[in-house]
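Me: I'd like to learn how to read a fold from its coordinates. Can we go through one together?

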Amino acid sequence: MAGHSKFKNIMHRKGAQDKKRSSMFSKLSREITVAAKMGMPDPDMNPRLRLAVNAAKAQSMPKDNIQRAIDKASKGDTENYEEVRYEGYGPGGTAIIVEALTDNRNRTATNVRTAFSKNGGNLGASGAVSHGFDRMGLITYPASAGDAEAMFEAALEAGAEDVSSNEDEHEIWTAMDALHEVAKALETALGAADSAKLAWRPQTMVEVDEANATSLLKMVDTLEDDDDVQTVWGNYEVSDEVMEKLG
């Protein structure tokens, strides 16, 4: 996903949120398997697995698929996925962080580097841009979960640090080490979230003009379409006027 609400419009153009279901399920399954392998295969005893399972349920992933992904972790022949982070610069001086789960570092690195270079970006070294972001927990709920005031009160009560609401959803930000506790408290009060995960929150935003937005959005789409890439974060902001021109 591109990031938080200030550039939420990017995620909603041309049905971009309706990505191929099979690809989405594949990424969700991979996260479930990795989470189950790193801890207990029981979601109640494994906070990361609980978040991964909840995220899968929010996307209507069948129970059988979820259980299969958990079971895969206990089998000796399962792929060894590594968590890898790439950092670089996109068009218009934007900062981009790419998080991946891969069983082949060379393949993933090549694909990510190509996505950057073909769309006016440059892949940097580890730590190149992450200093401009805060590592935080991000919990999202659909707008239908409640009005902005009710969500703010629930989030405050649960121990969250910040809340932002728009016409599509509510975003609840937490300290990195408080994500699981806040998510659990909110689940009791509001039901399961659409997603709950660690995120990169930009400290400052970069306004992207029409000339750079085309290349930037193409780069983000290419990265998000890669099976190994789990999330894409950035500090870019594209105005509604520019989005309209781009169609």
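Me: In what sense do strand 2 and strand 9 pair, and over how many bridges?

Reply: Bear in mind that this is a predicted model. Strand 2 (residues 94-102) runs antiparallel to strand 9, with five bridges linking them. One place to look is Ala100, whose bridge partner in strand 9 is Val229.

Me: What is the strand order of the open sheet?

Reply: Read across, the four strands go 3-1-2-9, with antiparallel pairing. Strand 3 (122-123) and strand 9 (229-234) are the edges, each pairing on one side only.

Me: Now the packing. Which residues of the largest nonpolar core touch the most other members?

Reply: The general idea first: in soluble globular proteins, nonpolar side chains tend to be buried together. Here the largest nonpolar core has 22 residues, and Tyr86, Ile96, Val98, Val112, Phe116, Leu216 and Leu223 touch the most other members. Elements giving two or more residues to this core include strand 1 (82-90), helix 5 (105-117) and helix 9 (240-246). Helix 8 gives the most, six residues.

Me: What is Leu223 in contact with, beyond its neighbours within four places in sequence?

Reply: Leu223 contacts Val98, Val112, Ala115, Phe116, Val229 and Val232. There's also a second, separate core of 16 residues, with Met151, Ala154, Ala158 and Ala183 among them.

Definitions and conventions:
Residues numbered from 1 in each chain as written. Predicted model: local features only at pLDDT ≥ 70, side-chain atom pairs only at ≥ 80, totals over all residues. Heavy atoms only, no water. Pairing = 2+ DSSP bridges. Core = buried A, V, L, I, M, F, W, Y, C linked by side-chain atoms within 4.5 Å. Buried < 20%, exposed > 50% of the residue type's maximum accessible area, 1.4 Å probe, protein only. Contact = heavy atoms within 4.5 Å.
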